[in-house]
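Here is a short note for a colleague opening this entry for the first time. Please keep the view at hand while reading.

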Amino acid sequence: MTANLVNSSPAIFRLSALIRITLLSLYVALTVPLPFLAQVTNAPVPPILLWLGISIGLVALYAALTERVIVDDQGIQVAYPNWVPRFFRKGWLLTWAEVKQLKPRTTGQGGLVYYFLAQDGKAYLLPMRVAGFSRLVKLVQEKTGIDTTDVYPLAQPWMYLILLIFTLLLLLVDGWTISTALTQIH
């Protein structure tokens, strides 16, 4: 009886911390120097407006990165916290009985993503950037009977690690840019 209770509890998969940190850092590195540069160059867009836009964008990016995948005995669900508006990120729910197959599709960059094809013909993207992706794929195979031995994540962790390293270098350049801009202002 204890084993059934363990199996019936949902498994929750969140976006990988490496991916979240990398994307948030990259966003900061690409946007934070802009208000300083706008002030130094007397750009037509006021720095306060840029700060407002950057702040809104940061919240939107963070909201998108709060995605979680919930797998239980009934199905698979992509969900977001209640504070994320549904018009921004809806999420979806698919019962195991509705899953017809897992179909690979080539991306524009030559990568491979997978979609759940439902009985009604709708397609649902298999989340591939979650921590514990191999466990997620194993659960999908257990629940659906679909062979997932050839299903791998789109991007490997080392790719995000390299992006994070270059982002940290960009942040150093940003620091120099901002300090130079501040000396120009005063």
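Where is the place of Thr167? Thr167 sits in helix 6, residues 157-185. The model is predicted: local features need pLDDT of at least 70, side-chain atom pairs count only at pLDDT 80 or more, and totals for chains, interfaces and linings use all residues. Residues are numbered from 1 along each chain as its sequence is written, and side-chain values use heavy atoms, without hydrogens and water.

1. Helices (H or I, at least four residues) and strands (E, at least two) are DSSP runs, numbered from the N terminus. Helix 6 has 29 residues. Its first and last C-alpha lie 41 Å apart, close to the 42 Å expected at 1.5 Å a residue; that expected span is 1.5 Å times one less than the number of residues.

2. Thr167 is buried because its relative accessibility is 1%. Buried means under 20% relative accessible area, exposed over 50%, partly exposed in between (1.4 Å probe, protein chains only). Beyond its neighbours within four places in sequence, Thr167 contacts Ser25, Leu26 and Ala29. Contact means heavy atoms within 4.5 Å.

3. Other buried residues of helix 6 include Tyr160, Leu164 and Asp174. Their cover includes helix 2 (17-31) and helix 3 (33-40).

4. Asn42 lies in the loop between helix 3 and helix 4 (47-64). Its phi is near 55°, a positive value in a residue other than glycine. Asn42 counts as exposed because its relative accessibility is 67%.

5. Strand 4 (residues 92-95) covers one face, Trp92 and Leu94, and leaves Leu93 and Thr95 uncovered. In a regular strand, side chains alternate between the two faces of the sheet.
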